[in-house]
Amino acid sequence: METARRAGSSAALHACACFTEQLLADAAAGVAEASAVLGGDLEGVAGSPIGARGPEVRSLCTALAREMAADPHAPAREPDQRLALLTEALTFAATAVDALWRSDAAGAGAAAALLQHAADWKTPECYGYDLADPELMLAQAAQWLAARPGDGPVLVVAVRTGGSYLAPFWQAAAEDAGRAVGPWHSVRPLRGPGGIDLPDVELRALPAQLPVGTDVVLVDDQPDTGATALAVRERLRARFPGAGDVVLSSPGRLHDLSGPHVRQVFAARPVHRRAGRLWELPVEDAAGVVDRARAVGVRLPPGGAWRVEPFRGEFAARYGATRRGQDGPQRVDPRNRPFTLTAGPAAVAPATGPDDHHFRFIGTGTHGLHCYRALRSLPGLLPPDIGYADGYLITRHESGLSPLRTALPTLPAHRQREVLESVVRSWLELRRLGELGRPGPGTAYDPRARLAKGLDRLRDRVGRRLPVDDVWLVRYVPDRVPVGGSEGTLFRTPLPYGHGDWHWQLANAHANAYANGEGEGQPIGVRRFGLDWIWGGSGSLESEVASFVVENRLRPSALRLLEVAIADALGDSRVFDGGLRLAGEALHWNVKSWLRRCPDPDAGAIQRIESELVDLARYASELT
């Protein structure tokens, strides 16, 4: 909300309003489902007008879509009044989420699934990994409506999350053409054991009936397999047997849903033709990157030769990882192409120097800007002077970093204590910035089943048995853990993308000399990379403790120091004890990364994966 207020543009307020719509809709649906399951009003929200706020917010989304289509950079109209409405709506949503966490319906079923969505901060694909300029959809919608024979009515239905950001443009076009059958709606398909389905509570929020022949436009991110769109289509056809065509729109594309498969019938460029943003520039265009970087405020030395080098991180160095080729939808996805702007010609320049800058994509629009502002609120965890432009986090290269895993044991005890105290403070700051809710003590998840599922997939991937089996899982991984940990707080965690031991570094060229008494006046800085939590997930302090301890193979003396640091910060050592009991969960994040980033591992990569699994499991079993 504050990020949108500061930005002030129509695009910023549109993103904020649509963010509010999908959270409010998920919360309202979760309350309705829980009330049905429990046989009465959900305690804490009885009499709340949460359901009535949805139409107001969706109407605002449509008005802002019109303004954004006219000029996404123009100041939004009446920002204070509009943000006040959104603040009130988010307050209702937060109250509902809190009541759901405390209810008996939070453990399983559709209410629990809707709660998980309502308690999360999702970035739509159009601002994340299938980039688009959403405002172009209004003209796309108007073009389709003008080409349709007749002037029959149209119902616009957003598929949350991405559809909440895109459907308002279709609604504006339908209203401008005089063909909107009513306000637009949004629905949340859920994935269960039987596949993808649309809960009854979502269907009940739609109109009771439609005029015969009404065309239904589903609006969502670009489909992968189309299974979600087809599942929603079936439910809508059953509810509205007299409806006309059901089509699917995504940025720059229109899809026919009349057959057993999704068929694309229209495609256009989903972004403006201006070829100036960093993610639009060819990777070999070093001069263009330099010009753009300087234009957005990156302080580069004048003159000189520059080149763009793909960034090869530690994961790729260890596992030689490659991602799958483009065998699905064509996406504008800069996430997988981090790069370094390096000074000097290739034949002369070192791999990295003090003038080099690393560019890592963290998201565009208000979502990316919010992520950047959050990262700036974590002092010391990233190199100084970070910047943000065109969706990229930009950091100057920092020399003299030492892996925490190998450097920590070389430090005297008081320096180790300082480092570990900094780590604990960083966890508490992450929790403060990214709190998602406070689940009741009865709301739990199953780390053992989650890891077992990942290991099954990894076993299929490598084609042979793994050194971690069901016997190990039963012995060393719990099957029930509170979602919010012993502190009862769920927060946004970077663990899915920032769990590796190499993500933790110590910033001081003399770090290894402390054991000899040198450099006593130089503080040690703790760095943690992979913090761009827009790609993260949700977790507890115990999960952070477990991953940190296992990844860095803390020795007994360091474990005792960490226990004291946690107890000093929180008042007791429950989080430390819970983290050690959860040590086996650390394997989950590694398995998740191997599955995502090693689609076709060669023999060498498989051997290194197995070796790391053995080492992780051995250390975790010693802790538990």
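Predicted model: local features only at pLDDT ≥ 70, side-chain atom pairs only at ≥ 80, totals over all residues.
To give a sense of distance within it, the C-alpha atoms of Glu-88 and Val-290, which are 202 residues apart along the chain, are separated by 44 Å.

As background, in soluble globular proteins nonpolar side chains tend to be buried together.

What does Leu-562 touch, if we do not count residues up to four places away in sequence? The answer is Leu-420, Val-424, Trp-427, Phe-548, Val-549, Leu-554 and Phe-576.

Several of these names return when we consider the aromatic rings, for which the count comes to 13 pairs. In one of them, the rings of Trp-472 and Tyr-476 have their centres 5.4 Å apart and their planes at 45 degrees, so this pair is tilted. The two residues are four places apart in helix H16, residues 470–476, and are therefore separated by about one helical turn; both Trp-472 and Tyr-476 are buried. In another pair, Trp-504 and Phe-548, the ring centres are 4.9 Å apart and the planes stand at 75 degrees, which makes the pair edge-to-face, because that angle is over 60. This second pair links distant parts of the chain, with Trp-504 in strand E19, residues 504–507, and Phe-548 in helix H17, residues 541–551, 44 residues apart. Trp-504 is buried, with a relative accessible area of 2%, and Phe-548 is likewise buried, with a relative accessible area of 2%.

Beyond the pairs, Phe-315, Tyr-319, Trp-502 and Trp-594 form one aromatic cluster. There are also arginines placed over rings: Arg-58 lies over the face of Trp-184, at 5.9 Å from the ring centre, while the charged end of Arg-450 sits over the ring of Trp-589, 5.3 Å from its centre.

Next, the strands around E18. Strand E15, residues 435–437, and strand E18, residues 490–493, pair in the antiparallel sense over two bridges, and in E18 the bridge partner of Glu-435 is Phe-491. E18 also pairs with strand E21, residues 537–539, again antiparallel, over three bridges, with Arg-492 standing opposite Ser-538 in E21.

Leaving aside its neighbours within four places in sequence, Thr-489 is in contact with Arg-431, Glu-435, Gly-437, Arg-438, Gly-484, Gly-539 and Ser-540.

E6 and E7 pair in the antiparallel sense over four bridges, and the bridge partner of Leu-248 in E7 is His-255. In the hairpin of E6 and E7, which has two residues between the strands, Gly-252 takes a positive phi near 75 degrees. On its other pairing, E7 runs antiparallel to strand E8, residues 263–267, over four bridges, with Phe-266 in E8 as the bridge partner of Leu-254; E7 and E8 form a hairpin with six residues between them. In a regular strand the side chains alternate between the two faces of the sheet. In strand E7, residues 253–256, both faces are covered: Arg-253 and His-255 on one side, and Leu-254 and Asp-256 on the other, are all buried.

Strand E6 brings us, finally, to helix H9. This helix, residues 227–239, has 13 residues and reaches 19 Å from its first C-alpha to its last, close to the 18 Å expected at 1.5 Å a residue. The buried residues of H9 are Ala-229, Leu-230, Ala-231, Val-232, Arg-233 and Leu-236, and what covers them includes strand E4, helix H8, strand E5 and strand E6.

Methods:
Residues numbered from 1 in each chain as written. Heavy atoms only, no water. Expected span 1.5 Å × (residues − 1). Buried < 20%, exposed > 50% of the residue type's maximum accessible area, 1.4 Å probe, protein only. Contact = heavy atoms within 4.5 Å. Phe/Tyr/Trp six-rings, centres within 6.5 Å; stacked < 30°, edge-to-face > 60°. Lys NZ or Arg CZ within 6 Å of the ring centre and 35° of its normal. Pairing = 2+ DSSP bridges.
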